[in-house]
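Me: I am new to this structure and would like to learn how to read it. Could we go through it one feature at a time?

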Amino acid sequence: MAEMGSKGVTAGKIASNVQKKLTRAQEKVLQKLGKADETKDEQFEQCVQNFNKQLNEGTRLQKDLRTYLASVKAMHEASRKLNECLQEVYEPDWPGRDEANKIAENNDLLWMDYHQKLVDQALLTMDTYLGQFPDIKSRIAKRGRKLVDYDSARHHYESLQTAKKKDEVKIAKAEEELIKAQKVFEEMNVDLQEELPSLWNSRVGFYVNTFQSIAGLEENFHKEMSKLNQNLHDVLVGLEKQHGSNTFTVKAQPSDNAPAKGNKSPSPPPDSSPAATPEIRVNHDPEPASVATPGAVLPKSPSQNSLPAVVVETFPAAVNGTVEGGNGTVRLDLPPGFMFKVQAQHDYTATDTDELQLKAGDVVLVIPFQNPEEQDEGWLMGVKESDWNQHKDLDKCRGVFPENFTERVQ
């Protein structure tokens, strides 16, 4: 009996979702054809334009900051190799050898400290700043759907009122649905009307703090590096003064095939060994990241040099539900129309009956919308892989979810 009850709830949910999609699709068609008016809010649309501009600027700044960090790391490596070369050619009996070696060590430490401080004071702050955007973006899209629901309910109520043969029961029910749809829309609308201008204004302080931090770190780095370079200059001047006027005896060097005489110091480690290339490790575990719920979503793990790499599985191309390769074909047990897989990077709490509830780590099989007109910007249709493997029933398992809470893995 409990199972039947559960099935009944599922069937009701499916019916509700189907009806809601049909109603939204019909409303959008009527609005595009000019047969139904659409509620407009120019002030809110301007806020959305500002939001998208701010997101694009922040994303670009994050990308360029990572490129800058990669350049710092590359310069560190080049500087380290140059100092290694100096240490190798600096003969043991030359004055200032110990001082030169110490300067090289301090040079290496200074580069590592500079890179780490840039990560801590600029990159992590950048990630936290961008972590605000995914949740707000999904709520803007949600508001758009609720606005369509409100317009549809309004038009339905108006048509019943103007009908030649009035049905008071239907009118009362339509009025109740209109009030409900209006309340849901206005609650979301009011919150966003307050948050979007505040977020837009916050960009100025963020840019100021970020670039002040970078400029200050770079200034201090160059000051300290200048001191080391001056010390190295003084050491080399001392070497020149002591040996500048001396004549050195040229000693015969052993041939390549002749064994070397005397003791030989160990060779320096190869470039690829850990001893030759100290790795700068950055503790970048918020993820966000710091932000694990839509209220404060962690930024996704970025990139190349300072952050952990994301391993992406690759798969053979699928043709008509099969994978071509090897000695034959392998059947794919995937839903019809399967396009690609994504993995949830953050938890997402469904706020509507047609949405998927996601936990970070969930794998979702993305499928096309049955009616492309139903797809809202930033939303995908899919079925959680675990649900598909268990039920093999699209009508029971599929739903929409915000694309920016996920990352493509296939």
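Me: Is F206 buried or exposed?

Reply: Keep in mind that the model is predicted. Burial is read from the relative accessible area, and under 20% counts as buried. F206 has a relative accessible area of 10%, so F206 is buried.

Me: Which ring pairs with that of F206, and how is the pair read?

Reply: A pair of aromatic rings is described by the distance of the centres and the angle of the planes. The structure holds 10 aromatic pairs. One is tilted: the ring centres of F51 and F133 are 5.4 Å apart, with the planes at 40 degrees. F51 belongs to helix α2 and F133 to helix α4, so this pair ties together parts 82 residues apart in sequence. Both F51 and F133 are buried. The partner of F206 is Y129: their ring centres are 3.8 Å apart and their planes at 5 degrees, so that pair is stacked. Y129 sits in helix α3 (residues 97-130) and F206 in helix α5 (residues 168-243), so the pair links distant parts of the chain, 77 residues apart. Y129 is buried too, at a relative accessible area of 6%.

Me: Which residues do ring pairs link into a cluster?

Reply: The cluster consists of F51, Y129, F133, F206 and Y207.

Me: What does Q54 touch?

Reply: A contact list leaves out residues up to four places away in sequence. For Q54 the list holds Y129, F133, L199, W200, S202, R203 and Y207. Three of these names, Y129, F133 and Y207, also occur in the ring cluster. Q54 is found in helix α2 (residues 42-89). With 0% relative accessibility, Q54 counts as buried.

Me: How many residues of helix α4 are buried?

Reply: A helix can be read by its cover and by its span. Of the 30 residues in α4, 22 are buried, and the helix is mostly covered. Helix α4 (residues 133-162) reaches 44 Å from its first C-alpha to its last, close to the 44 Å expected at 1.5 Å a residue.

Me: How many bridges join β6 and β10?

Reply: Strand β6 (residues 340-344) and β10 pair over three bridges, in the antiparallel sense. Across this pairing, Q343 stands opposite E407 in β10.

Me: Where does A360 lie?

Reply: A loop residue is placed by the strands on either side. A360 lies in the loop between β6 and β7 (363-367). The relative accessible area of A360 is 47%, so A360 is partly exposed. Leaving aside neighbours within four places in sequence, A360 is in contact with A344, Q345, H346 and D347. The C-alpha atoms of A360 and T406 are separated by 8.6 Å, while the two residues are 46 residues apart along the chain.

Conventions
Residues are numbered from 1 along each chain as its sequence is written. This is a predicted model: local features need pLDDT of at least 70, side-chain atom pairs count only at pLDDT 80 or more; totals for chains, interfaces and linings use all residues. Side-chain values use heavy atoms; hydrogens and water are left out. Two strands pair if DSSP finds at least two bridges between them. Helices (H or I, at least four residues) and strands (E, at least two) are DSSP runs, numbered from the N terminus. Buried means under 20% relative accessible area, exposed over 50%, partly exposed in between (1.4 Å probe, protein chains only). Contact means heavy atoms within 4.5 Å. The expected span of a helix is 1.5 Å times one less than its number of residues. Rings of Phe, Tyr and Trp (its six-membered ring) pair if their centres lie within 6.5 Å; planes under 30 degrees apart count as stacked, over 60 as edge-to-face and the rest as tilted.
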